[in-house]
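I opened this entry to keep a record of what I looked up, item by item, and of the cut-offs behind each term.

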Amino acid sequence: MPSTSSTATVEPGASGASGASGASATPSRPPIATVGLESAPSWLSERLETHADARRAFDEARETFIAGRRIDMGALATSLGVDRTSLFRWVGNRDALLSEVLWSLAMPTLAQAEEAGDEAGLAGAERVAAILTHFVADLNRADYFRQFLRREPARALRLLTTKESEIQRRYLATAEWLVRRDLGETPLGGAIDPASLAYLLVRVSESFTYADLITGDQPSAERARVAFRVLLRAD
C-alpha cells in the first residue's frame with residue numbers, strides 16, 4: 001500500500017507516528033496517516049522507535065522494496081553485516097518486516113489522498129469517496145507495489161487482506177476514522193454503524209486494488225470510485 005513517491009518520510013516508529021508513544025499528530029503526519037498504527041501497533045512498529053539496529057534493517061528493507069526487489073532475509077542480513085539470527089532478533093520474521101514496510105508506504109499515500117480531497121474543497125460523503133479513490137489509484141499506479149503483488153500473490157493477499165493482517169486492521173481503523181469524521185456517528189441516516197460501513201469501504205477498496213489476484217480482472221480506481229459513491233450515497 002505504497003506512496004508513489006520513494007521519498008515519503010512517514011514511517012512506523014517515527015516520532016508522533018505510533019500510538020505507543022502517545023504523541024499527538026503533527027502537521028507533517030496528519031491523523032489519517034497515524035490513526036491506523038495507533039489502533040493496531042505491532043511488536044516491530046514499537047521496536048522501531050527505540051532499537052537502532054531494527055530501524056537500520058527496516059530502512060534498508062524499505063529501500064529494497066521501493067527499488068522493486070524482493071526482500072530476502074539472508075541477503076538483508078549480509079548487507080547489514082550480521083547473521084540471520086541477529087536479523088530475526090531485531091525485526092522478527094519476514095512477514096512482520098514486510099507488513100511494516102508496506103504500512104510505512106501506505107501512510108504517506110493516505111496523507112496525499114486526503115490532501116487532494118482538501119484541495120478540491122470536498123466534504124462529507126464526497127470527501128470520503130474521493131480520498132479512498134485517490135488511495136486506490138495510487139496503489140494501482142505504483143510499479144514496485146504491483147511488482148510485489150505479481151511476485152508474491154499469495155503472501156500479498158494474506159498480509160494485506162485477511163483479518164489476521166495488521167495492515168487490514170490499520171486500514172479498517174483509518175476508514176472508520178474517516179467515516180466518523182466526515183459522516184458522523186450515524187452515517188447514511190443511521191442505516192449502518194461506522195464500523196460496518198468502514199468494513200464495506202475497505203472491502204470495495206481491496207476488490208478493485210487486488211482484482212487481478214482475486215478474480216483475474218484488471219484493478220480499477222474508476223470502478224472503485226463508482227462503488228464508493230454508490231455505497232456512500234454520494235450520487
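Before reading any accessibility value I wrote down the rule: a residue is buried under 20% relative accessible area, exposed over 50%, and partly exposed in between, with a 1.4 Å probe and protein chains only.

**Source and confidence.** I am working with a predicted model, in which local features need pLDDT of at least 70 and side-chain atom pairs count only at pLDDT 80 or more, while totals for chains, interfaces and linings use all residues. Residues are numbered from 1 along each chain as its sequence is written, and side-chain values use heavy atoms, with hydrogens and water left out. I looked up pLDDT, the predictor's confidence in each residue from 0 to 100, and found a chain mean of 90, with 88% of the residues at 70 or more. Over residues 4–27 pLDDT stays under 50, and for this stretch the model has 63 contacts beyond four places in sequence, a contact being heavy atoms within 4.5 Å.

**Overall make-up.** I counted helices and strands as DSSP runs numbered from the N terminus (helices H or I, at least four residues; strands E, at least two), and the chain has 14 helices and zero strands. Of its 235 residues, 52% are buried. Among contacts between residues at least 6 apart in sequence, 68% join residues at least 24 apart. The accessible surface, by the Shrake-Rupley method with a 1.4 Å probe, comes to about 9900 Å², and 51% of that belongs to carbon and sulfur atoms.

**H1 and Ser-42.** In helix H1 (residues 31–39) I noted Ile-32, Ala-33, Thr-34, Val-35, Gly-36 and Leu-37 as buried. The buried residues of H1 pack against helix H2 (43–47), helix H6 (94–119), helix H7 (124–141) and helix H10 (166–183). I then went to Ser-42, in the loop between H1 and H2, which counts as buried because its relative accessibility is 7%. Leaving out residues up to four places away in sequence, Ser-42 touches Glu-100, Glu-166 and Arg-170.

**H10.** Among the buried residues of H10 are Ile-167, Arg-170, Tyr-171, Thr-174, Leu-178 and Asp-182. At the start of H10, a side-chain oxygen of Ser-165 reaches to within 3.1 Å of the backbone nitrogen of Ile-167. After H10 comes Gly-184, with a positive phi near 85 degrees.

**Glu-152.** I found Glu-152 in the loop between helix H8 (143–151) and helix H9 (153–161), and at 8% relative accessibility Glu-152 counts as buried. Its side chain makes a polar contact with the side chain of Arg-155 at 3.0 Å; such a contact is a pair of N or O atoms within 3.5 Å, where within protein one must be able to donate a hydrogen and the other to accept it, and residues adjacent in sequence count only if both atoms are side-chain atoms. Beyond four places in sequence, Glu-152 touches Arg-70 and Arg-94.

**Asn-140.** Asn-140 is in helix H7, and its side chain makes a polar contact with that of Arg-146 at 3.0 Å.

**Aromatic pairs.** I paired rings of Phe, Tyr and Trp (its six-membered ring) if their centres lie within 6.5 Å, calling planes under 30 degrees apart stacked, over 60 edge-to-face and the rest tilted, and this rule gives four pairs. Phe-65 and Tyr-144 form an edge-to-face pair, 6.0 Å centre to centre with 80 degrees between the planes. Phe-65 lies in helix H3 (residues 52–66) and Tyr-144 in helix H8, so the pair ties together parts that are 79 residues apart in sequence.

**Positive phi.** Most residues other than glycine have a negative phi. I noted that Leu-188, in helix H11 (residues 187–190), has a positive phi of about 55 degrees. Arg-233, in the segment after helix H14 (221–231), also has a positive phi of about 55 degrees, and Arg-233 is exposed, with a relative accessible area of 55%.
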